[in-house]
Amino acid sequence: MHVLRHQAHRKATWWLVAIVGSTLALPLATPAIGRAEETNPNNYSCSGSIAAGKPEAGSEEQQVAYTFHCNGPITGYQLQSQIPVTGIEASPLVSNIPSGTPVTDSLSCSGEVPGYADNCVGTTRSGYETIAGQFAIGTKLCAEPRVDPLLTVTYAYLEKGVVTQAISGPFDLGRPTSCPPDASSGFTRLNPKPVTLTAKGKHKGKGKGKGKGKKTNGKAAPKKK
């Protein structure tokens with residue numbers, strides 16, 4: 001397992017990091033341009049999931065493992081958590097589908113911690129390559145609200161000598177698959193559980209002092225003297 005990288009001093013935005021990192025990766029991304037023309041990199045389809053991660057030596061923080069793949073090559077991605085991120089794995093593993101054999105494609109991750117984003121740049125040469133990594137959070141994995149990261153991917157390439165940046169997402173990786181079901185199971189950040197509202201002004205039972213007295217058949221009851 002790679003050492004978690006803590007970089008609280010990095011305050012540059014993710015998009016600046018993605019553009020710079022992707023530009024450096026352009027020589028690697030160039031061979032995949034033909035594939036990018038077949039699959040619009042602004043309209044990729046990505047899917048994945050999260051689960052309990054492997055413990056880090058010397059750390060008691062909760063590790064969250066993630067894995068995902070897209071139908072085209074990428075040069076960067078961001079995982080956005082609604083739970084504070086306290087640690088980030090520096091180098092996720094890239095492997096082929098379906099063999100699971102590691103490839104030479106590489107990605108490097110960093111981010112401000114504690115923070116809410118895991119920012120990664122590098123390259124994958126083709127689509128349908130599995131990217132697997134992990135990050136740490138300061139709460140228990142199965143405690144509500146459970147972590148549910150959103151994924152955004154980028155792809156930078158040369159088009160007629162001009163650097164072009166494409167973005168796809170967000171994609172919801174969902175809640176941890178290794179937790180027992182509860183009342184929020186089956187829902188995600190992009191498909192949240194509906195809020196149940198209680199109607200006001202409705203009371204059960206008969207009101208006090210109502211419905212008592214003699215029937216008058218529509219006529220006013222005589223006043224008592």
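**Exercise 1. A network of charges**

Which side chain does R175 meet in a salt bridge, and what is the N to O distance? Then place that pair in the chain and find the other residues linked to it.

*Solution.* The model is predicted.

Step 1. Start with R175. Its side chain meets that of E144 in a salt bridge, at 2.8 Å from N to O.

Step 2. Classify both ends. Buried means under 20% relative accessible area. R175 has 16% relative accessibility, so R175 counts as buried. E144 has 40%, so E144 counts as partly exposed.

Step 3. Look for a further partner of R175. D182 forms a salt bridge with R175, and the closest N and O atoms are 3.0 Å apart.

Step 4. Follow D182. The side chains of D182 and R146 also meet in a salt bridge, at 3.2 Å from N to O. R146 is in the loop between β7 and β8, while D182 is in the segment after β9, so this pair ties together parts 36 residues apart in sequence.

Step 5. Classify these two. R146 is buried, with a relative accessible area of 7%. D182 counts as partly exposed, at 28%.

Step 6. E144, R146, R175 and D182 are linked in a network of salt bridges. A search of the whole structure finds five salt bridges.

**Exercise 2. A glutamate without a salt bridge**

How far from E129 is the nearest side chain of opposite charge?

*Solution.* 

Step 1. Locate the residue. E129 lies in strand β7, which covers residues 129-137.

Step 2. The nearest side chain of opposite charge is R125, 6.8 Å away. A salt bridge needs the nitrogen and oxygen within 4 Å. E129 is buried yet has no salt bridge.

Step 3. Look for another polar partner. The side chain of E129 makes a polar contact with the side chain of S126, at 3.2 Å.

Step 4. Look farther along the chain. Leaving aside neighbours within four places in sequence, the contacts of E129 include F68, H69, V94, D105 and T124.

**Exercise 3. The cavity**

Which strand gives the most to the lining of the largest cavity? Begin with the cavity itself.

*Solution.* 

Step 1. Count. The structure holds one cavity of 30 Å³ or more. About 50 Å³ of space lies in the largest cavity.

Step 2. Read the lining. Among the lining residues are F68, H69, C70, S126, Y128, E129 and I131.

Step 3. Assign strands. β2 (62-70) and β7 each supply at least two lining residues. β2 gives the most, with three residues.

How values were computed
Residues are numbered from 1 along each chain as its sequence is written. This is a predicted model: local features need pLDDT of at least 70, side-chain atom pairs count only at pLDDT 80 or more; totals for chains, interfaces and linings use all residues. Side-chain values use heavy atoms; hydrogens and water are left out. Helices (H or I, at least four residues) and strands (E, at least two) are DSSP runs, numbered from the N terminus. Buried means under 20% relative accessible area, exposed over 50%, partly exposed in between (1.4 Å probe, protein chains only). Lys and Arg count as positive and Asp and Glu as negative; His and the chain ends are not counted. A polar contact is a pair of N or O atoms within 3.5 Å; within protein, one must be able to donate a hydrogen and the other to accept it, and residues adjacent in sequence count only if both atoms are side-chain atoms. Contact means heavy atoms within 4.5 Å. On a 1 Å grid over the protein atoms alone, a cavity is a set of points where a 1.4 Å probe fits but cannot get out, and a pocket is an open set with protein on both sides within 12 Å along at least five of seven lines; lining residues have an atom within 4 Å of a point. Grid points are joined across faces, edges and corners, and a volume is the space filled by probe spheres set on the points.
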